[in-house]
Amino acid sequence: MRSRCVPLREMSDVRSRITPALRAALDAIGAADVDAVIEPSARADFGDWSTPVAMQCARVLRRPPLEIAGGLRDRLEGTRIDVVRQWTVSPPGYVNAWLDDGVWARTVLDEATRLDVSRPVDVPPGVAIDGKTLVEHTATNPNKAAHVGHLRNACIGDTVARVLRRTGQRVEVDNYIDDTGVQVADVVVGIRELGIVPIEGERFDVYCSRVYVDVSRRYDEEPELVQRRQAVLHAIEAGDNETATYVKDVARRVVDEHLATMRRFDIGYDLLTWESDIIGLGFLQKALELLRESGAILYAEHGKHAGCWVMPPEGVDRDTDDDETKVLVKSDGIATYTAKDIAYQLWKFGLLGLDFHYHPWHADAPDGPVSTAAHRHDDEVPARFGTAQRVVNVIDARQAYPQQVVKRALSRLGHEREAESSIHLAYEVVALTPAAASVLGIDVEVGRDVYALSGRKGIEVLADDLLIRSVDRVREKARDEATAHLLAAGAIRYYLLKFSLTQIIAFDFDEALRVTGDTGVYLQYAHARAAGILRKVPDDDAPLVVPDALDPVERALLHRVDAYAHALAETATSLSPSTLTTYAFSLASALSDFYEHTPPIVRELDPVVRRFRRRLVAAVRVVLADALHTLGIAAPDRV
RNA sequence: GCCCCCGUAGCUCAGUGGAUAGAGCGGCCGCCUUCUAAGCGGUUGGUCGUGGGUUCGAUUCCUACCGGGGGCGCCA
């Protein structure tokens, strides 16, 4: 059965109702080359929607913009558009549409109220792709507790997945686990060789963090310790031995803690992909074969890469003998991390001709993630993963170069479309402000404004520690512990999402934990306020009548509601969650403004006004809840 | 050296080829007999890093600089 979708762009679809008329008017005055763009007016007293096209026409038509605007207005006045009441002109040459509130407000409220989580929000053509998008995120090394940097990654990835699903797209979320790298090996060295033991009651991932810091420090003092790590790595490489099993067990236990941490922020996964399986099942070998056969990589006979398999830069088919050429297999025969990433990427698109075995990560948690496996399990899950049409890798901006190499590998293998559909969703890191650094007891130098996080050095804010602090902050005013938790998690998620991806987050405790102003809690509070009004004011069955003169705060609020579908489509296109946080804040803010500047609806005696405002609040609540849910933030009815 | 990102109010950040550049925080002054004051209003505060260029119009695009961060490994 095909479900009905909510109309696109604005909830009321104002823009696409106006654009054809504007297009026709432009054609009629001989300005066919000018784009028929129309945008929300910059200020309410200009109108509702405005177009600057007359300014562009002035050059080609060699007439003053105001005169052209006047002509356009006359033509538009002659076109009946039910949602537009009148057209005006304002200097230096804008043409403004004034909406008919009766038609517009009714449409906006109808469409907003019809929003339903079980039905996707329709978006303009080109926003949603056909087929599945595979989103890889989190991918925290399984040797330490997750810190806010890992949490930023997870929040971005999770939100992008939610936005794509909300716009009707199929999504698979993978969490890649590097259980064969040096980082896990370091921890195993610390536990087994140095005998570092857990503290009473210490969580396993936190214990591993401590071991990791300790071992890293001791490598400097005792260089021979590095040999121990090599032994562990060789054991992992060989597989099927006691050490390899032990390493895998450490990784599993840490991953369980990571999943629990992320769960507290409402972040989940479809599939856990293990690097050991990628190697164990021969994905890497197969990928290297393909790369060799196709000539995508070549063997360097001499020069600085002698004995290595390398991938030359774009458009070159020989070793350039410099850093432009990427080594994929070292001269000792060991593949680099990027080579494994290429194998994984090929699998994601179904280009490898190999697949994993699958089984539930926890037999007793059917809703939990599925895990890859190298061998058949009794509770084998059928293969339904990978084979995506688009791959979004949420990885910090420092890895732009290796990600570029992965993309280039696909391209050199002749998979142009897949290379094109390989998206490195790069985001900047989380760093500490001097204030946050000094809270953590780090020596703050004069003139430095950010301090990089480092799990290795123990310079970090653990995700769970931050959550505990946040719960402490909101507990006093929250109605109960469960509410305190969802407000606390909302505060942190919002904080990590509200920055542009290109912006380094200068982490600050006060900012991250704040509950007033531009924060997650503000949005949740606004939602609860709306819900509170709806509880107190019963609705009736009477048909909606839009009052003759809407209050400016009502119109402003309607505009924000109207803009939801547009904001969602924009976010789905840009894959940038901050677009949606900015929108959600503007909506909550408009609701607060309305709340403060209109009398209580409960006491409203005019039935028309009372019903209209009640339904306006109902629409806002639905849209705010939808936006919050898409951001992965709970929308409580009471706080 | 080459490449990428950032530079907008005291601080943290939005914005983006169009009309007087916005928000939050901070400061100051107000608003709870009103549907939750985790709120709202007012006020303070800006040569949109600098110089050129393109354009009817540039904070936005191009270019050259300046300042800060990151990448450029037979690490992951």
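Predicted model: local features only at pLDDT ≥ 70, side-chain atom pairs only at ≥ 80, totals over all residues.
**The surface around RNA strand B**

There are 62 residues around RNA strand B, and those that come nearest are Arg 43, Arg 59, Tyr 94, Asp 323 and Tyr 525. Of the atoms of RNA strand B that come within 4 Å of the protein, sugar and phosphate account for 65%. By class, the residues of this surface comprise 29 nonpolar, 17 polar and 16 charged.

| Residue | Protein atom | Atom of RNA strand B | Distance |
|---|---|---|---|
| Lys 304 | polar backbone atom | base nitrogen | 3.1 Å |
| Ser 331 | N or O atom in the side chain | base oxygen | 2.7 Å |
| Lys 477 | polar side-chain atom | phosphate oxygen | 2.2 Å |

The elements that give two or more residues to the surface near RNA strand B are helix H2, strand E4 (94-99), helix H19 (520-536) and helix H22 (577-597). Among these elements, H19 gives the most, with 8 residues.

**Helices H19 and H22**

H19 and H22, both of which contribute to the surface near RNA strand B, also pack against each other. Two packed helices are described by the angle between their axes and the distance between the axes. For H19 and H22, the axes come within 9 Å and cross at roughly 45°. The two helices are therefore oblique to each other, and their crossing is left-handed. On the H19 side the contact is made by Tyr 522, Leu 523, Ala 526, Arg 529, Ala 530 and Ile 533. H22 supplies Ala 584, Phe 585, Ala 588, Ser 589, Leu 591, Ser 592, Tyr 595 and Glu 596. Sorted by class, the contact of H19 with H22 has 10 nonpolar, 2 polar and 2 charged residues.

**Helices H2 and H3**

The axes of H2 (residues 53-61) and H3 (residues 65-77) come within 8 Å, with a crossing angle of roughly 115°. Because of this angle, H2 is roughly perpendicular to H3. The crossing of H2 and H3 is right-handed. From H2, the residues that make the contact are Val 53, Ala 54, Met 55, Cys 57, Ala 58 and Leu 61. Those from H3 are Pro 65, Ile 68, Ala 69 and Leu 72. The contact of H2 with H3 consists of 10 nonpolar residues, with no polar and no charged ones.

The loop between H2 and H3 holds Arg 62. The phi of Arg 62 is near 55°, a positive value in a residue other than glycine.

**Other loop residues**

The peptide bond from Pro 91 to Pro 92 is cis, and its omega is near 0°.

Glu 202 belongs to the loop between helix H6 (182-193) and helix H7 (204-221). Apart from neighbours within four places in sequence, Glu 202 is in contact with Tyr 207 and Arg 210. The side chains of Glu 202 and Arg 210 are joined by a polar contact of 2.9 Å.

Terms used:
Residues numbered from 1 in each chain as written. Chains lettered and ligands numbered in written order. Heavy atoms only, no water. Axes fitted to C-alpha atoms, helices over the stretch in contact; angles between N-to-C directions. Helix = DSSP H or I, 4+ residues; strand = E, 2+ residues; numbered from the N terminus. Parallel < 35°, antiparallel > 145°, perpendicular 65-115°, else oblique. Left-handed = near helix turned anticlockwise from the far one by under 90°. Contact = heavy atoms within 4.5 Å. Nonpolar A, V, L, I, M, F, W, Y, C, P; charged D, E, K, R; others polar. Near = heavy atom within 4 Å. Polar contact = N/O pair within 3.5 Å; in protein donor to acceptor, adjacent residues only side chain to side chain.
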